Each structure stands twice: as C-alpha cells, then as structure tokens.
Amino acid sequence: MAPAAVEQMAAWARGVRASDARAFTALYDALHAPLWRYAHSIVRDEEAGYDVLQEAFTRLWEMRERVDPDRSVRALLFTIVRNLAYKHVRRTRGREVLDDRAHDVLPALHVQNGAAERLDADRLETLVQHWIDEMPPRRRETFVLSRVHDLSHREVAAVLGVSPRTVNNHIVEALRHLRRRLDEYPILYRSS
Amino acid sequence: MNDRKPELPPAVEAALQELAPDERAGLAAAFTFVQEHASPAPAVDEERARKVRAALLRHVDPARPPERRGRVRQREREPIRRRARQLTALALAAVVVAVSVYALRPRVVAPGPGETARVELRDGSTVTLDADARLRVPVWFGRLSRHVSLRGRAYFAVQPGEQAFAVVTANATATALGTRFAVEAQPERTDVVVEEGTVRVAARRDGVTAVRVEAGEASSVPRGLAPSAPVAADATSRMAWRLEALSFVNVPLERIVRELERRYRTEIRLAAGERIRDRSLTYITQQPLPLETVLRDLCQSTGLHFRLTAQGYEIVPKAGP
C-alpha cells in the first residue's frame with residue numbers, strides 16, 4: 001500500500017475512534033469489496049458473506065474507542081471478518097468439513113489426465129483450485145489471504161495471529177508446492 | 001496484462017525477497033500462472049453492499065440516543081358519530097384481516113434450476129436445499145412449533161431446542177431434537193438419511209409405526225406405507241450434493257444419467273445396450289462442472305458418444321469403424 005493510502009487508513013481509524021460516522025462510511029466504501037470477497041472465500045455463500053460484512057463493521061463501531069490508529073485498521077477488519085466467517089462456518093457446517101473438504105475428493109481430472117487431453121479454462125480452474133486446496137490448511141489460508149487481498153505481510157501476520165516470519169515461510173512453501181505441481185503438468189506450463 | 005511484468009501482491013513480494021534470484025523468478029512465474037488461471041474471485045454485488053451500508057449508517061448515527069424508550073402519548077379521542085365509528089371499525093377489521101393473511105403467509109424458499117440455497121431459520125438451524133426443492137416455513141416457526149414442510153431434497157442441521165424439529169413431507173414426518181440429517185421428499189416416497197443424532201420417522205397418516213433412525217442409517221417411507229426399518233447408509237456420499245459436487249461411487253450409468261437430468265434440469269436419452277446401462281462407474285468432481293464436460297468424461301470412459309438434441313442430450317454408442 002502506498003504511504004499515502006496508509007496515512008488515509010490511519011486518518012479514518014482516528015475518525016472512527018472519535019465516533020465520526022463519515023470516517024466510518026469512508027472505511028466501508030474503501031474496504032467492503034475485498035472484505036466481502038474474503039468472507040465469501042470462507043463461508044462460500046453470498047448472502048452469508050454480506051451478513052458477516054455487516055456484523056464486522058457493526059463490531060468495529062462498537063469497539064471504536066479501542067481502535068488503535070497506529071495499527072492497521074484494515075488488518076483489524078480482516079481479523080474480525082475472519083473470526084465471524086469461521087464462526088459462521090462452524091455453526092453451519094461443522095469443523096471437519098472446513099479443513100478436510102478438499103482432501104477426500106479428487107477432481108475428475110486426476111482420474112484420467114492424459115497428455116492428449118485439451119484442458120479448457122473451466123477444468124484448468126478446477127485443477128489450480130485443487131492444487132491450492134491440497135495445501136495444509138494454515139498454509140493455504142496464508143496463501144489465499146496474501147494472494148487476493150493486497151495486504152502487506154505484516155497485515156497478513158496480524159490477521160492470522162502469527163509472526164511475519166511464519167507468513168513468509170508459508171508463502172514460499174505454498175509457491176514451491178505450486179511450482180512443483182506446474183512442473184508435473186508440462187503441457188500446462190508454457191512460459192514464454 | 002499488456003507486456004508489463006505483472007505486479008506481485010506486497011506479501012508475496014516480501015516473501016520472495018529472501019530467495020536466490022533464479023528460484024525467485026520460478027516462484028513468481030508459478031504465482032502469476034495461478035493468479036491467471038485460478039477461478040476468479042466473485043464480484044461484490046454493489047446494490048447489496050449499499051443496503052449493508054445503509055443498515056450500518058442507521059446503526060452508527062451519532063445523533064441517535066443509545067436506546068429509544070419514549071412512549072407515544074395517547075391522543076385524545078375526538079367525539080365521532082356512531083355510524084362513522086362503525087364504518088371505521090369495519091374498515092379497520094378488513095385491514096387487520098388483510099394484513100394478518102399477508103403477515104401469516106409462510107415463507108417459501110425454492111432455489112432455481114441447478115442452484116442450491118441455504119436458509120438459516122430463527123432458531124439457528126440451517127437448511128440446505130438442493131435444486132428444485134421447496135421449503136415452507138410458517139411465520140410462527142420457533143415460537144409455537146418447529147415444523148417445516150418440504151418437497152424435494154434438503155439437508156438439515158438442527159439446533160437443539162425444547163420443541164421438536166419436524167420436517168413434514170407429502171407422506172411422512174421426520175422429527176428431531178438437535179441433529180444433522182437429510183430428507184428427500186419425492187411424490188412417491190420420502191427418504192431420510194441421518195448423519196448425526198437420532199431422527200424419528202413416521203408416515204403422516206399413521207404416526208404409530210414410527211422408526212428411530214440413528215446416525216449412519218437411512219429409512220424410506222413409500223407413499224401409503226409405513227417407514228422401512230433403518231438400514232446402514234453412507235451419509236457422506238448421500239449428502240455430497242450439498243457441496244454441489246458430483247459424487248458417484250460404483251453407480252450404474254443409467255442412474256448417473258437420471259441424476260444428471262435432475263441436477264441439470266434437462267432430458268438425457270440413453271440409447272445403449274443393457275450391459276452398458278448397468279455398468280457401474282465412479283465419478284467424483286470437486287466442484288460443479290458444465291454438463292457437457294461431465295458427459296464428455298462419462299462417454300470417454302464407456303466408449304459412448306453424446307450429442308445435442310431438441311429436448312436435451314442423447315447418449316449413443318460410437319459409430320463402428
């Protein structure tokens with residue numbers, strides 16, 4: 001994030017702390033899309049995603065006096081969304097589905113992949129998603145968070161409650177895993 | 001993406017900084033590939049997001065006092081002539097009836113073709129509806145009783161509660177306290193599969209001959225008959241549709257095709273010999289795939305061939321060489 005954007009976030013955080021509704025809505029306008037996508041990636045349900053989003057900002061407002069403008073309010077929001085989303089998943093699906101969903105079903109692709117097979121975009125998506133899903137849960141989560149949501153590695157670390165060092169290791173290991181998978185499928189990987 | 005080197009997200013950039021340059025380049029390429037080919041993140045519905053924003057604004061309005069406790073002061077009654085008063089009462093009664101009919105109508109949830117829907121009920125229980133299913137929830141659900149009616153296939157995760165949770169179908173009633181189970185309500189029969197806890201299953205007309213279905217068991221209630229004795233059932237595979245994936249383990253082709261018809265709301269004619277129709281196949285996908293992809297896979301492994309027809313699809317033996 002550019003320094004100006006960091007400063008803007010901090011300004012909004014100070015505003016929220018001072019019960020400024022305009023700073024609060026500005027924060028919503030700036031972050032609702034990535035936060036909803038993040039919630040959606042966990043709850044996998046559109047409507048539940050909006051519920052989590054609304055609840056997260058409600059919580060932020062309720063705890064506004066405790067918001068520390070020196071720390072990333074964005075990481076704070078992602079943390080709240082994460083907690084609420086997992087709470088939702090636990091309540092509706094049970095823990096086991098959350099972590100092991102990906103590991104007991106292989107995509108149809110693996111049943112019959114042949115070099116001659118043409119991979120269309122849909123199946124390629126399935127395959128790539130499978131590679132992501134087969135990572136250990138914490139690594140997958142770190143990777144997903146760092147990939148789609150434009151957070152710094154310090155922010156990712158804050159959201160997941162681990163050290164930046166651990167975040168780095170997870171990301172590197174995730175990329176090594178993906179690189180190995182790509183090398184196993186030479187037909188997919190045509191680097192120009 | 002033009003010719004510019006694609007930019008890496010800050011966290012990935014930071015992680016790669018410590019690696020040797022050639023490994024860094026390889027991993028960055030892997031990242032870019034995944035970024036370009038992974039399923040795109042869904043787009044936020046801005047209309048819906050504005051509603052959330054409006055709801056939040058109502059919540060944060062600093063001018064709003066913490067709680068509104070004031071009581072509306074009663075207006076002094078003006079003298080009204082008797083006739084007018086009667087008419088007003090009548091009109092009022094009509095409005096009350098209309099409003100209650102409107103307010104008391106059950107909530108109906110029915111996902112469209114090829115979709116599933118998840119509903120959270122007032123007591124915190126959740127229902128996942130398969131395509132074509134239809135769930136009716138009375139307005140007094142969770143207050144007077146916990147009864148819902150179902151047509152089609154649904155999965156229930158029931159919160160424990162004092163009132164029994166009952167799923168009523170055309171011919172059967174499945175009653176539970178706190179548990180997870182699936183109900184498939186077809187016109188000719190109702191199937192109940194229990195994943196966790198115990199469910200009491202009874203025919204609707206004859207509630208006496210009920211059976212208790214335990215976790216990992218299933219019972220079936222044919223129309224006009226009593227429920228079958230519970231038999232062991234693989235709850236996981238029978239509920240796999242809930243994850244919107246296809247999961248067939250040793251299922252005859254004929255049955256796979258019928259399920260695909262139901263799932264994709266189309267007609268599929270299977271013009272093949274009995275030997276092929278009865279051939280058991282295993283086909284598992286991790287997420288929903290387009291029907292044609294599924295048909296192509298099935299045909300490839302059975303030596304068949306499919307084509308589009310006016311009604312839907314047709315699966316036929318491959319023309320001989």
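Me: What makes residues of chain B count as in contact with chain A?
Reply: The model is predicted. The criterion is heavy atoms within 4.5 Å. On that basis, 56 residues of chain B are in contact with 64 residues of chain A. The area buried between the two chains is about 5300 Å². Carbon and sulfur atoms give 61% of that area.

Me: Why is the pair Arg48(B) and Glu47(A) called a salt bridge?
Reply: The closest N and O atoms of Arg48(B) and Glu47(A) are 2.4 Å apart. The cut-off is 4 Å, so the pair qualifies. Between chain B and chain A the count is five salt bridges. Polar contacts there come to eleven residue pairs, both residues at pLDDT 80 or more.

Me: Which elements of chain B each supply at least two residues of the side that touches chain A?
Reply: Among them are helix 1 (10-16), helix 2 (21-37), helix 3 (46-60) and helix 8 (291-302). Strand 2 (117-120) and strand 16 (280-284) are also included. The residues of that side divide into 33 nonpolar, twelve polar and eleven charged.

Me: Why does Arg64(A) have no salt bridge?
Reply: Arg64(A) is buried. The nearest side chain of opposite charge, Glu65(A), is 5.2 Å away.

Me: What makes the approach of Arg64(A) to Trp61(A) a polar contact?
Reply: A polar side-chain atom of Arg64(A) lies 2.8 Å from the backbone oxygen of Trp61(A).

Me: Where does Arg64(A) lie?
Reply: In the loop between helix 3 (46-62) and helix 4 (73-92) of chain A. Leaving out residues up to four places away in sequence, Arg64(A) touches Val16(A), Arg17(A) and Ser19(A).

Methods: Residues numbered from 1 in each chain as written. Chains lettered and ligands numbered in written order. Predicted model: local features only at pLDDT ≥ 70, side-chain atom pairs only at ≥ 80, totals over all residues. Heavy atoms only, no water. Buried area = accessible area lost by both parts, 1.4 Å probe. Polar contact = N/O pair within 3.5 Å; in protein donor to acceptor, adjacent residues only side chain to side chain. Helix = DSSP H or I, 4+ residues; strand = E, 2+ residues; numbered from the N terminus. Nonpolar A, V, L, I, M, F, W, Y, C, P; charged D, E, K, R; others polar. Buried < 20%, exposed > 50% of the residue type's maximum accessible area, 1.4 Å probe, protein only. Lys, Arg positive; Asp, Glu negative; His and termini not counted.
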